[in-house]
Amino acid sequence: MSKETVESIIRNKKNASGEEVEVLNSFCPYRICPLGAHVDHQLGLVTGFALDIGTRFDYFVTEDGEIEVYSDNFDGDAIGHIDDEWERQYTWADYLFGAIKTLKKSYTITKGLKGVLKGDVLGGGLSSSASVILTYIKVFSKINGINLASPELINLAIDVERNYIGVNVGKLDQSCEVYCKKNHLLFLDTKTDSTKLIPFSKNMPEFEIAVIFSGVERRLAGSAYNTRVDECKAASYALKDFAKLEYGKFCDSYLRDVPAGIYRQYKKMLPHTWAKRAEHFYGENERVKKGINAFQNGDLTEFGKLIFESGRSSIEKYETGSPELKALHEILETTEGVYGGRFSGAGFNGCAMAIINPQFRDKIAEKVKKEYLAKFPALKDSFNIVFCKTADGIGV
């Protein structure tokens with residue numbers, strides 16, 4: 001077939017012979033992390049909102065196992081059979097291949113599909129990759145009669161990212177996109193996997209979420225992301241040694257294993273870079289605790305202040321953030337109607353986010369665009385601002 005043929009079948013719900021075709025749909029939201037940035041891979045405390053933008057997939061089942069998927073956002077295709085070996089192509093199709101290979105480790109898959117995938121926003125920082133992977137895993141599970149509990153769905157998606165795509169992610173992205181609920185803030189302890197959904201307070205003013213695409217797309221695999229993970233692990237390993245704690249294998253060592261008091265006692269013995277990474281981790285965990293309290297009380301001013309502090313710590317202590325994202329952070333700090341903002345995701349280009357007062361929506365969009373493009377005029381055609389509300393996760 002061709003993309004046009006697949007789209008025609010989806011649109012008309014009939015094949016070339018005029019026979020009825022059951023067309024199915026799936027949606028998985030993107031996410032933002034207001035507080036708890038860069039700590040999930042160290043088993044820290046995180047928060048999240050699922051957004052009403054995300055990955056949409058329209059498809060129909062093939063009984064013979066044939067696969068034919070196209071993207072509305074990228075060129076090329078993903079064509080083959082569920083029994084293929086699926087070697088990495090280093091294209092968007094890898095997320096499909098990785099999801100199938102990972103699911104086949106534990107389950108039998110006999111049915112394939114044909115469809116078209118569409119993402120609402122490009123650029124990175126909203127966990128679009130996790131959204132795509134979760135979509136594929138859930139869809140192939142559904143059509144093949146596989147029942148996955150939420151924790152297993154999350155772990156399978158993490159497996160794809162780590163062992164197929166090559167990014168040593170934590171649990172934040174997948175957990176938000178599965179567990180989040182509309183009009184609630186998700187609180188997740190990534191060490192215990194305990195979750196709490198905190199409803200919007202009656203005392204809380206109305207707010208929206210601004211997603212600001214810098215105009216420069218993000219790439220994680222091959223970036224400094226994995227280096228930051230290793231630096232955090234190295235800090236935890238060294239601190240355990242200084243304090244005469246059992247440290248085991250390096251791959252199993254996390255900053256969450258080291259009490260904050262131990263860090264304060266021995267931080268001067270750490271190499272300067274490792275100390276800064278640890279400083280961000282312990283500071284961010286405290287900001288999450290304070291932020292949860294502020295959110296429960298409906299205090300968006302305090303909640304937003306902590307988000308700004310988180311962004312500043314990411315820049316100065318975690319040392320991430322492209323020039324474009326740093327500029328957006330500085331602009332947001334001086335923009336009326338913004339409760340709090342920071343870059344979204346790992347900070348290697350992509351998007352920034354802000355919690356805003358909807359009454360200032362137009363003024364915020366105008367000011368941010370004007371000041372940002374004054375610094376980066378070459379990005380005028382790719383820069384974008386989208387205003388979102390919270391949404392339910394993909395669930396199971």
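Predicted model: local features only at pLDDT ≥ 70, side-chain atom pairs only at ≥ 80, totals over all residues.
Let me begin with Arg-31, which is buried, with a relative accessible area of 3%, where buried means under 20% relative accessible area, exposed means over 50%, and partly exposed lies in between, using a 1.4 Å probe and protein chains only. Residues are numbered from 1 along each chain as its sequence is written, and side-chain values use heavy atoms, with hydrogens and water left out.

Which residue does Arg-31 form a salt bridge with? The partner is Asp-173, and the closest N and O atoms of the two are 2.8 Å apart; a salt bridge here is a side-chain nitrogen of Lys or Arg within 4 Å of a carboxyl oxygen of Asp or Glu. Arg-31 lies in strand S1 and Asp-173 in helix H5 (residues 172-179), so this pair ties together parts that are 142 residues apart in sequence. Helices (H or I, at least four residues) and strands (E, at least two) are DSSP runs, numbered from the N terminus. Asp-173 is also buried, with a relative accessible area of 14%.

The side chains of Arg-361 and Glu-208 meet in a salt bridge at 2.7 Å, N to O. Because Arg-361 lies in helix H11 (residues 361-375) and Glu-208 in strand S8 (residues 208-213), the pair ties together parts that are 153 residues apart in sequence. Arg-361 is partly exposed, at a relative accessible area of 29%, whereas Glu-208 counts as buried at 7%.

Glu-333 forms a salt bridge with Arg-312, with the closest N and O atoms 2.9 Å apart. Glu-333 lies in helix H10 (residues 323-333) and Arg-312 in helix H9 (residues 300-316), so here the parts tied together are 21 residues apart in sequence. Glu-333 counts as partly exposed at 35% relative accessibility, and Arg-312 counts as partly exposed at 23%. Salt bridges that share partners also join Arg-228, Glu-231, Lys-276, Arg-277 and Glu-319 into one network.

Let us turn to charges on the surface. Asp-64, Glu-66, Asp-83, Asp-84, Glu-85 and Glu-87 gather in a patch of negative charge; such patches are made of residues with over 30% relative accessible area and no salt bridge, like charges being joined within 9 Å. Asp-83 lies in the loop between strand S4 (77-81) and helix H2 (93-104), and at 54% relative accessibility it counts as exposed. Tyr-90 is found in the loop between S4 and H2, and its phi is near 60°, a positive value in a residue other than glycine.

A patch of positive charge on the surface gathers Arg-264, Lys-267, Lys-268 and Lys-317. Lys-268 has its place in the loop between helix H7 (260-266) and helix H8 (272-296), and is exposed, with a relative accessible area of 81%.

Finally, a word on strands. How do strand S6 (residues 184-189) and strand S7 (residues 194-199) run, parallel or antiparallel? They run antiparallel and are joined by six bridges, and two strands pair if DSSP finds at least two bridges between them. Leu-185 stands opposite Ile-198 in S7, and in the hairpin, which has four residues between the strands, Asp-193 takes a positive phi near 65°.

Conventions
Patch = residues over 30% accessible without salt bridge, like charges linked within 9 Å, V, L, I, M, F, W, Y side chains within 5 Å. Areas by Shrake-Rupley, 256 points an atom, 1.4 Å probe, with all protein chains shown as cover. Lys, Arg positive; Asp, Glu negative; His and termini not counted. Charge placed at Lys NZ, Arg CZ, Asp CG, Glu CD.
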